[in-house]
Amino acid sequence: ITTINQKKEGIGNRNSPTQLVIPNTKNGRDLPPLCLDVRQKQRMSLDTLPQELKAPFPPEPSLPVRTKTVKDFQDDMEKSKASGDWKAVHNFYSTTFDSFLEINAAFKKDTNSPFNTIEDSGIDAKFVNVVYDALLNTPQDVQKSVLKGIINGLLQEWTGPRTKDDLRAYCILLQNPQFSNTSTYVIYAHLLRQIAALTEADHHFLVHWSKKISQKRFKQVVDRLLQFISLRLFPAKPEEFPPMVKCTWWIPSATKVLALFNAANSLISPPIISYTDFYNSTLDHIDLMEEYHNWQCYGNSHRFSFCQYPFIISIAAKKVIIQRDSEQQMISIARQSLVDKVSRRQKPDMNMLFLNVKVRRTHLVSDSLDELARKKADLKKKLKVTFVGEAGLDMGGLTKEWFLLLIRQIFHPDYGMFTYHKDSQCHWFSSFKCDNYSEFRLVGALMGLAVYNSITLDIRFPPCCYKKLLSPPIVPCDHNTLVGICGVTLDDLFQIMPELAHGLSELLSYEGNVEEDFYSTFQVFQEEFGVIKSYNLKPNGDKIPVTNRNRKEYVQLYVDFLLNRSIYKQFAAFYYGFHSVCASYALLLLRPEEVEILVCGSPELDMSALQRSTQYEGYQKTDLTIRYFWDVVLGFSLELQKKLLHFATGSDRVPVGGMADLNFKISKSETSTNWLPVAHTCFNQLCLPPYKNKKELKQKLIIGISNAEGFGLE
């Protein structure tokens, strides 16, 4: 392709929009960015494109008539396999993939229909799948004829904008399984480059068409793109590819096409595949901070950075970015404190390099609140906790204990700050009005400090909370700007108050007369300290009846009231507390689900990984008691495994780095075997007596982990 294209350049086609090779350019500078500036966290709806982007496409050229059906093709394949004569199959493949027009002639459901809408691509998906599934089982000359045809299509002279037939061809070619083979990567790269360089209106159609692809095929295309990026970054055989300096546009092009599939995935609820399926773990091994600094300096300009496309960066890699960014901020602030001290001719003190929190156990919340309020300027320093009147250096254990005790006290129902919903097993903000919301700010700061200091908290907030926490992800300069307000739906309410959400859902589907049967208005009631108070969902809401016509508006306003308006002051204080510690552009890289994992850890347990990384004190891993222990634990149900983890570490979740990051330790307890196991949650340590047999160990362990709450037995 390169040779043919260079000859064309010599004839004067240097500025042709179909130019396949970008000679000596860096970072794909002429490729239009697919994403908007991530810094601003703007999101353009694909359904609200400007009018000029919805301009009608040029008329489709007439397609050749091709009448072969799926059955005809399958019959040809069977005959070829039986006879060894592949001529008919070879003719079909070489003709079908010879040009974009031929691709449409073969795979368009109806060649006489334009299929001009985003809802229907007009592609016969079944036929495409059958043809591609059979392709890799054909002789090499058949497969080569397909690649040759694709080259012809990519080298076609373009005159004017792309037609929908062209877009259909791109959509079909992306699903070609041949592109899993590194020998086809040069052709694949040029296909990706052409798709990445399409107009926004063209991308609009490709995104909507892509969401109709089956889950299996969709995942295959995504995996193929991720593999392409990985092998270009770290090629197993570098000689297979052109030198990196000559194809710097390969990775930007592939990432931009991957962004189309990520957008398509986000349009569907539930999504086609998990957001984690877009992670490329290969990026964990590149210089992430260089990527981050490039993005900070250049934003979404023509200089490519993976941070422009955060969906491709794994949560482990994002954690590294956030930690290093935090460390740099810590060092910078500590250095400034040192300089200020020296400039005032004062003796430097090592304590000035830390956020030193001194608290009394009997006044834990008030002391913590006072300390964090007084030391706002030090919040980004390394945290060290001291309990007044107790000897002991904080090597991490006291800090964790402080978090555990404080969280347990603040979230206790008697404290009144949060309401625990048993049906959903999560906490939500109390809507009670008060004069001072500083304690909510403390909880936000605690969460921020936990992320900043890599502490996993045992907090149960619904996903909606983390969505609100990133609304917006950067604290606005204008203090009049609302914070913590996000678009909420009935699905969000289901995750907090499922019974109420179910009732509202039934209201929406009710087939009778809503006004006469429910007799409701746009007014809701809440109990506050034993007093029933009423709130209008809209002006004069108490006088507006809920009818069949306006019930959708009523439900939406009710959900917005519960999750946004009624708790605005509480959540705003919580928001500002979190961002007082975690203010960083790195937050722009995170999804709400990823913030939850950073704060609370991952719910996915791998006890075999825990076994491999466990340390021992007083025991050897080959000792009989230890062998009994792991036999029992690996045989536990998931519920019991979670209880064990909660018993030993204070949380049933796993840090982002996996079980190895727990630093779990089993120590030998020299007590009677009549005793139950004991845990030191501050150090993730389990003290295990040397039980005589597996049955006794299992019995004592289950009693211990099933009845322990806090620092004693219930």
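Entry: the hairpin. I began with the turn in the hairpin of strand 3 and strand 4, where 4 residues lie between the strands and glutamine 425 takes a positive phi near 55°. I kept in mind that this is a predicted model. Next I checked the pairing: strand 3 (residues 418-421) runs antiparallel to strand 4 (residues 426-429), with 4 bridges. Which residue of strand 4 stands opposite histidine 421? I found cysteine 426 there.

Entry: a glycine. I then looked up glycine 397, which has its place in helix 15 (residues 397-410). Is glycine 397 buried or exposed? Its relative accessibility is 3%, so I noted it as buried, the cut-off being under 20%. Leaving out residues up to four places away in sequence, I saw that glycine 397 touches Cys682 and Phe683. I also took one C-alpha to C-alpha distance: glycine 397 and lysine 384 are 9.9 Å apart in space and 13 residues apart in sequence.

Entry: rings. I counted 46 aromatic pairs in the structure. For phenylalanine 304 and phenylalanine 306, the ring centres are 5.1 Å apart and the planes are at 75°, so I logged the pair as edge-to-face. Both phenylalanine 304 and phenylalanine 306 are buried. I also followed ring pairs through a cluster whose members include Phe418, Trp428 and Phe429; Phe418 belongs to strand 3, while Trp428 and Phe429 belong to strand 4.

Entry: charges over rings. I found arginine 361 over the face of phenylalanine 387, 4.0 Å from the ring centre. Arginine 232 lies over the face of tryptophan 250, at 5.5 Å from the ring centre.

Terms used:
Residues are numbered from 1 along each chain as its sequence is written. This is a predicted model: local features need pLDDT of at least 70, side-chain atom pairs count only at pLDDT 80 or more; totals for chains, interfaces and linings use all residues. Side-chain values use heavy atoms; hydrogens and water are left out. Two strands pair if DSSP finds at least two bridges between them. Helices (H or I, at least four residues) and strands (E, at least two) are DSSP runs, numbered from the N terminus. Buried means under 20% relative accessible area, exposed over 50%, partly exposed in between (1.4 Å probe, protein chains only). Contact means heavy atoms within 4.5 Å. Rings of Phe, Tyr and Trp (its six-membered ring) pair if their centres lie within 6.5 Å; planes under 30 degrees apart count as stacked, over 60 as edge-to-face and the rest as tilted. A charge sits over a ring if NZ of Lys or CZ of Arg is within 6 Å of the ring centre and within 35 degrees of the ring normal.
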